[in-house]
Amino acid sequence: MPPTLSSALASPETAPPPGLPPLDIDPRLVGDPALKSVAAKLAQGRRLDEGDGLALMKSRDLLGLGALAHAARLAKNGLATYYVINRQINYSNICGNRCTFCAFWREPGGDGAYLLSPEQAAQMAAEHPQLNLSELHIVGSCHPDLGLDYYCELLAALGAARPQATLKAFTPVEIDHFARQEGISTSEVFQRLMAAGLGAMPGGGAEVFSPRVRRELCPSKTSGERWLAISGQAHALGLPTNATMLYGHIETPAERVEHLLALRQQQDQSGGFSAFIPLAFHPENTGLGELNRTTGLDDLRVVAASRLLLDNFPHIKAYWVMLGPKLAQVALNFGADDLDGTIVEERITHTAGATTAKGMTEDELRHLITSAGFVPVRRDSFYRSVEQS
Ligand code: V47
């Protein structure tokens, strides 16, 4: 019998408990000796540490990784697989941070530089009126000249264009930048933006927290510590946020594990992260153009390690734009329980050579999920289930 929604949701009405329960793992599926001790810990319901994280992050035993991560996925989310009818809006690409890994940013007045007025952004949001958007995902840049009034007007205009959509906007890096531009505290920034309609925050700007990586790739960007602290502030104000890790460039396995454990610690303290999204680095048109793209093995390994280390994160997202829809579907068996959404128009990865479509239909998303034996759940920004359009 095909699974039903009620059998798929691990706990339909209440949030799942934060940690992982003792997992039911078939030891015959785990071949890598380093993974066997991780499997033993998971079977006892013990929390993984840095050494376990390194074993996961270095293992080539893909089926073993999948067996462990899928058991964790089933314990957290059953077979439920979430998607959202959303649209991305990138209000500007003019950025003073000049991160080496980013192909999207432009100098003010540079070739291809743009800034949308709030009215232009609202017009974009209103396109495709038949699409019943639950979420607008709004990300731009650290613009050197704009004041907080612009961002408040942007949110107000977008909210008026799509009153039923949650405004998921601005990363902790942008919040920090707005505060410095205005000479006010990040709490004041949050108050103003929430009054203008901010409802949730995406997880970008985290990159890799390691100071070494940040010095080399994004020295002007908000530090990892501050990124975490600002996320904690958002949580205290009741704003759910996401977290990401940009992997597949110069970071080491140890730096990946350190990043994930820092997120886990922050989540223990503030509890407001909804989803973790591993972001596969795309090198084209970036300052790291000589690097290879990430491999299928590494993509699935990062998804699996994330599910297992981030035992207090409710959701792991396989972002189809960066993984490609086919690998994102496979990732549902490696710990992921969310595919993101319709998106309509993605710019950041496509400027860096993404070959995926710019958006997907609801039917395509549901087909990816059901044909893999999972149960599709259309969600809003808060992972509440929404009826299918
Ligand atoms: O912060 C920049 C990354 C992020 C490249 O919260 C790159 O639901 C790959 O955060 N190759 C923005 N990645 C995207 C993001 C996101 C995406 C989907 C869902 C959510 C969510 C958040 O993209 C940036 C940066 O880490 N990025 N350049 C690149 N060349």
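Visitor: Why is Arg98 called partly exposed?
Guide: Its relative accessible area is 43%. Buried means under 20%, exposed means over 50%, and partly exposed is what lies in between (1.4 Å probe, protein chains only). The 43% of Arg98 falls in that middle range, so the residue is partly exposed.

Visitor: What kind of model gives these values?
Guide: This is a predicted model: local features need pLDDT of at least 70, side-chain atom pairs count only at pLDDT 80 or more, and totals for chains, interfaces and linings use all residues. Residues are numbered from 1 along each chain as its sequence is written, and side-chain values use heavy atoms, with hydrogens and water left out.

Visitor: What is the phi of Arg98?
Guide: Positive, about 50 degrees, although Arg98 is not a glycine. Most residues other than glycine have a negative phi. Arg98 sits in the loop between β2 (86-89) and α5 (118-126). Helices (H or I, at least four residues) and strands (E, at least two) are DSSP runs, numbered from the N terminus.

Visitor: Where does Asp340 lie, and is Asp340 buried or exposed?
Guide: Asp340 lies in strand β9 (residues 338-341). Its relative accessibility is 2%, so Asp340 counts as buried. Asp340 also has a positive phi, of about 65 degrees, without being a glycine.

Visitor: What makes Asn90 buried?
Guide: A relative accessible area of 3%. Asn90 is in the loop between β2 and α5. Its side chain reaches the backbone oxygen of Val139 at 3.0 Å. A polar contact is a pair of N or O atoms within 3.5 Å; within protein, one must be able to donate a hydrogen and the other to accept it, and residues adjacent in sequence count only if both atoms are side-chain atoms. Contact means heavy atoms within 4.5 Å. Leaving aside neighbours within four places in sequence, Asn90 is in contact with residues including Phe104, Tyr114 and Arg347.

Visitor: How do you know that Asp268 forms a salt bridge with Arg47?
Guide: The closest N and O atoms are 2.8 Å apart. A salt bridge is a side-chain nitrogen of Lys or Arg within 4 Å of a carboxyl oxygen of Asp or Glu, so the pair qualifies. By this rule the count comes to 23 salt bridges. Across the interface of domain 1 and domain 2 the rule finds 2.

Visitor: Where are domain 1 and domain 2?
Guide: Domain 1 is 18-76 and domain 2 is 81-379. Domain bounds come from an automatic or database domain assignment. Taken over C-alpha atoms, the two centres are 27 Å apart.

Visitor: What area is buried between domain 1 and domain 2?
Guide: About 2300 Å², with carbon and sulfur atoms giving 70%. In domain 1, Arg47, Met57 and Arg73 lose the most area to domain 2, together 34% of what that side buries. Buried area is the accessible area (1.4 Å probe) that two parts lose on being put together, summed over both. In residues, 24 of domain 1 are in contact with 29 of domain 2.

Visitor: How many residue pairs are in polar contact across the interface of domain 1 and domain 2?
Guide: The rule finds 9, both residues at pLDDT 80 or more. On the domain 1 side, α3 (50-58) and α4 (62-77) each supply at least two of the residues that touch domain 2. With 9 residues, α4 gives the most to that side.

Visitor: How is the N-terminal end of α3 capped?
Guide: By Asp49: a side-chain oxygen lies 3.1 Å from the backbone nitrogen of Gly51. Asp49 is also paired with Lys41 in a salt bridge, the closest N and O atoms being 3.3 Å apart. Lys41 is buried at 11% relative accessible area, while Asp49 is partly exposed at 36%.

Visitor: Which elements do the buried residues of α3 pack against?
Guide: Against α2 (33-43), α4, α11 (253-270) and α12 (296-309). Among these buried residues are Asp52, Leu56 and Met57.

Visitor: What makes Lys168 and Glu135 a salt bridge?
Guide: Their closest N and O atoms are 3.3 Å apart. Lys168 is in strand β4 (residues 166-169) and Glu135 in strand β3 (residues 135-138), 33 residues apart. Both Lys168 and Glu135 are buried.

Visitor: Which residues are linked in a network of salt bridges?
Guide: Arg87, Glu127, Glu345 and Arg347. Within it, Arg347 and Glu345 have their closest N and O atoms 3.2 Å apart.
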